[in-house]
Amino acid sequence: MTTLMNRQYYLASRPAGAPDSSNVPARDVPVPEPADGEVVLKNLYISLDPAIRGWMGDDPNYIEPIALGDAVRSSVIGRVVKSDSPDFAEGDVAMTVGAWEAYTRVPGVMLNKLDEAAGIPLSTYLGVLGPTGLTAYFGLLDVGRPKAGDTVLVSAAAGAVGSVVGQIAKMQGCRVVGMAGTDDKCRWLEEDLGFDAVINYKQCGDYEAAIRVACPKGVDVYFDNVGGEIFDAALLCLNKFARVAVCGWISTYNVPDAPGPTNLWQLVAESVTVQGFTVIDYMDRFPEGIAQLAEWVVAGKLQFREEIVDGLDNILPTFLRLFDGSNQGKLVIRIPEE
Ligand SMILES: NC(=O)c1ccc[n+]([C@@H]2O[C@H](COP(=O)([O-])OP(=O)(O)OC[C@H]3O[C@@H](n4cnc5c(N)ncnc54)[C@H](OP(=O)(O)O)[C@@H]3O)[C@@H](O)[C@H]2O)c1
């Protein structure tokens with residue numbers, strides 16, 4: 001029996017700011033044989049998500065921090081290379097919560113089998129037809145509750161979640177305004193995705209003034225992907241009974257002791273509802289969300305960008321691109337099959 005060797009990127013220490021290779025070094029370890037009911041996947045795609053940065057810390061979170069010494073947790077798609085599960089055969093492709101590693105050993109019951117023959121690019125199950133698409137779908141429709149004619153403001157609007165939020169909001173008959181960090185991203189939002197207005201937040205100067213110009217009737221739904229000063233400025237532009245869907249605060253993830261918002265009185269002044277959520281809250285409705293997202297993609301109503309970077313050894317520098325905005329849509333590492 002051949003022993004497979006596993007390249008893993010593991011959490012050696014908790015980062016204070018942006019993680020570096022001393023926090024997340026590599027090691028090569030043997031892959032244990034699958035125990036009763038377990039499966040070994042050879043990973044093909046590894047999802048890079050801002051949330052992973054939160055799990056590297058030890059602040060209270062919606063799931064346990066990554067334990068020191070463990071490989072960095074991530075969603076993965078892989079091909080079964082060894083199986084002791086009656087439900088999986090060698091060659092099957094499946095998705096699971098795995099790690100930044102070449103092989104993932106996992107109980108078969110933790111796997112979600114994917115139908116390769118369906119012809120859907122596998123990487124989309126990590127993006128528009130997976131966690132980020134579902135986050136946009138449930139976060140906007142259930143938490144943001146947009147109505148036709150509402151103005152919907154989205155931050156990180158050209159990203160994996162934000163770009164889907166904006167397009168779904170357009171389908172609801174809303175006026176959609178996106179904030180993004182480059183002219184190229186802003187152009188894509190306006191020209192290809194049909195956003196009504198855009199703000200390049202790295203060029204606009206005063207955020208509040210820019211939002212007021214782009215949203216002359218105020219903001220009814222703010223879908224917040226970034227937190228920080230943009231969140232604070234958006235609070236000043238909310239209409240009566242506005243809804244704020246707090247999806248993520250990426251501007252704070254690498255900033256220890258980031259200052260909190262100062263304009264919270266607006267929640268009283270405008271009777272605003274602010275609700276945080278995670279996509280996990282909607283697990284029992286994933287089939288509904290995936291079916292609807294797939295229908296829109298097939299009908300050409302929902303466009304998406306994904307950026308696929310080859311090579312497990314590029315994983316840490318590629319992950320950091322989520323925080324400088326150089327990623328173009330859903331960011332995924334691919335490990336090519338020999
Ligand atoms: N609640 C949930 O269940 C859930 C699930 C998935 C994701 N999320 C959250 O959703 C947000 C977007 O995630 P994603 O996976 O779709 O990533 P993404 O938007 O594809 O990539 C991250 C983007 O954030 C922007 N960004 C980075 N640093 C920023 C800063 N300091 N200020 C403003 N914008 C900044 C960059 O775009 P620019 O070029 O425009 O700056 C970057 O491209 C994150 O906050 C994430 O944690 C939440």
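This is a predicted model: local features need pLDDT of at least 70, side-chain atom pairs count only at pLDDT 80 or more; totals for chains, interfaces and linings use all residues.
Some ground rules. Local features need pLDDT of at least 70, and side-chain atom pairs count only at pLDDT 80 or more, while totals for chains, interfaces and linings use all residues. Residues are numbered from 1 along each chain as its sequence is written, and side-chain values use heavy atoms, with hydrogens and water left out.

Domains, then. The assignment gives domain 1 (5–126 + 304–334) and domain 2 (131–280). Those bounds come from an automatic or database domain assignment. Their centres, taken over C-alpha atoms, are 29 Å apart. In domain 1, 22 residues are in contact with 14 residues of domain 2; contact means heavy atoms within 4.5 Å. The two domains bury about 1400 Å² between them, 59% of it on carbon and sulfur atoms. Buried area is the accessible area (1.4 Å probe) that two parts lose on being put together, summed over both. On the domain 1 side, Y62, R305 and F323 lose the most area to domain 2, together 31% of what that side buries.

Now the ligand. How many residues surround the ligand? The shell has 27 residues, each with a heavy atom within 4 Å. The closest are K185, Y201, N225, V279 and N327. Each domain supplies at least three shell residues.

Next, polar contacts (pairs of N or O atoms within 3.5 Å). A polar side-chain atom of Y201 lies 2.4 Å from a ligand oxygen atom. Backbone atoms take part too: a backbone N or O atom of V161 lies 2.8 Å from an oxygen atom of the ligand, and a polar backbone atom of G181 is 2.8 Å from a ligand oxygen. The protein covers 90% of the 900 Å² of accessible area that the ligand has on its own, by the Shrake-Rupley method with a 1.4 Å probe.

Methods. A polar contact is a pair of N or O atoms within 3.5 Å; within protein, one must be able to donate a hydrogen and the other to accept it, and residues adjacent in sequence count only if both atoms are side-chain atoms.
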